[in-house]
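Me: I am new to this structure and would like a close look at a single part of it. Please take one residue and describe its surroundings.

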Amino acid sequence: MNLNKKLVVGIDIGGTNTEIGIVNEGGDILFKETISSRCTENFEEFIHILADKILEIIDNLGFKGMVNGIGLGAPNGNYYTGTVEFAPNLIWKGVLPFVAALKKASSLNVVMTNDANAAAFGEGVYGGAKGMKHYVVITLGTGLGSGIVCDGKLLYGHDGFAGELGHVIVQEEGGRKCGCGRYGCLETYVSAPGIVKTAIEFLNNLQDDSVLRNVSPTKMTSLDIAEAAQNNDKIAQMCFDFTAKKLAIALANLAAITSPEAIFLSGGLANSGNILFKPLINYYNQYVLAIFKGKTQILASQLKDNSTGLLGAAALAQYEL
């Protein structure tokens with residue numbers, strides 16, 4: 001086993017599951033385990049379950065005294081305060097003191113940021129953004145997260161919540177209801193649930209044949225749409241074209257503000273490959289301001305092991321602790 005200097009624990013807090021990993025300085029995941037984020041509705045009890053599992057893993061692997069600390073990536077995680085604040089997809093509500101509670105329960109140093117910012121850390125430390133000082137990471141999952149790095153530093157703003165590209169409004173009138181309570185946010189169109197909503201709308205409004213008509217709307221997934229698009233299903237391809245256009249406009253606006261060297265996409269939709277990237281790049285080149293043309297690459301995340309959140313959290317710990 002290649003320890004490769006400093007070891008840290010990376011933790012990705014999700015609405016359904018929490019992923020725990022021991023990661024070395026080279027970004028190798030030496031051990032990984034998952035626990036349910038819904039194992040208890042009591043936040044304090046969950047923290048003790050999580051801490052016990054971390055310490056058990058460290059002890060079983062013989063790493064006691066060798067782990068430098070814990071990095072946490074969590075939805076609505078605030079780097080400044082160490083709290084998770086009003087995360088809609090977590091079962092614990094309100095302001096949750098994750099860092100203080102986990103530090104007390106584990107006796108290890110803990111640092112936290114939101115999941116998309118963690119992904120940006122990971123891309124810079126372990127992935128395709130090594131050596132870059134200006135880049136953006138977009139996570140395309142159940143929502144749309146973004147981590148923006150300017151001059152080698154993550155953009156947090158004065159309150160810790162800057163960089164929420166998923167919540168820029170892209171449809172003012174008749175926009176889709178967002179989990180944040182507003183209407184027309186980008187993530188309601190560009191996310192796994194967003195493209196499913198697009199498919200259902202197209203199927204209801206168009207007469208074209210489609211294999212998606214054989215899928216129950218309540219069971220349809222973004223993977224169903226991606227597979228159909230790859231098999232030249234017209235409606236499925238229209239869904240990706242619509243999604244790519246919405247995202248391209250947002251990225252063109254973002255480029256005008258931050259002028260990144262690269263924009264990395266990760267998550268389920270990003271795994272669709274050229275059915276997303278080809279129209280996205282074409283639309284981006286159409287909409288981006290002329291002085292920014294040809295200056296920004298749009299790339300798939302290069303983080304390995306399909307563990308963007310975990311590696312991002314580990315990178316945060318490697319960098320901060």
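Reply: The backbone oxygen of Gly-157 lies 3.0 Å from a polar atom of the Tyr-80 side chain, where a polar contact is a pair of N or O atoms within 3.5 Å; within protein, one must be able to donate a hydrogen and the other to accept it, and residues adjacent in sequence count only if both atoms are side-chain atoms. This is a predicted model, in which local features need pLDDT of at least 70 and side-chain atom pairs count only at pLDDT 80 or more, while totals for chains, interfaces and linings use all residues. Residues are numbered from 1 along each chain as its sequence is written, and side-chain values use heavy atoms, with hydrogens and water left out.

Tyr-80 sits in the loop between β5 (77-78) and β6 (83-85); strands (E, at least two residues) and helices (H or I, at least four) are DSSP runs, numbered from the N terminus. Leaving aside residues up to four places away in sequence, Tyr-80 touches Tyr-156, Gly-157, His-158, Asp-159 and Gly-160, contact meaning heavy atoms within 4.5 Å. One of these, Gly-160, is 80 residues from Tyr-80 in sequence, yet the two are 5.9 Å apart in space, C-alpha to C-alpha.

Tyr-80 has a relative accessible area of 46% and is therefore partly exposed; buried means under 20%, exposed over 50%, and partly exposed in between (1.4 Å probe, protein chains only).

Elsewhere, the axes of helix α4 (residues 192-205) and helix α6 (residues 234-258) come within 9 Å and cross at roughly 130°. Axes are lines fitted to C-alpha atoms, for helices over the stretch in contact, and angles run from 0 to 180 degrees between N-to-C directions.
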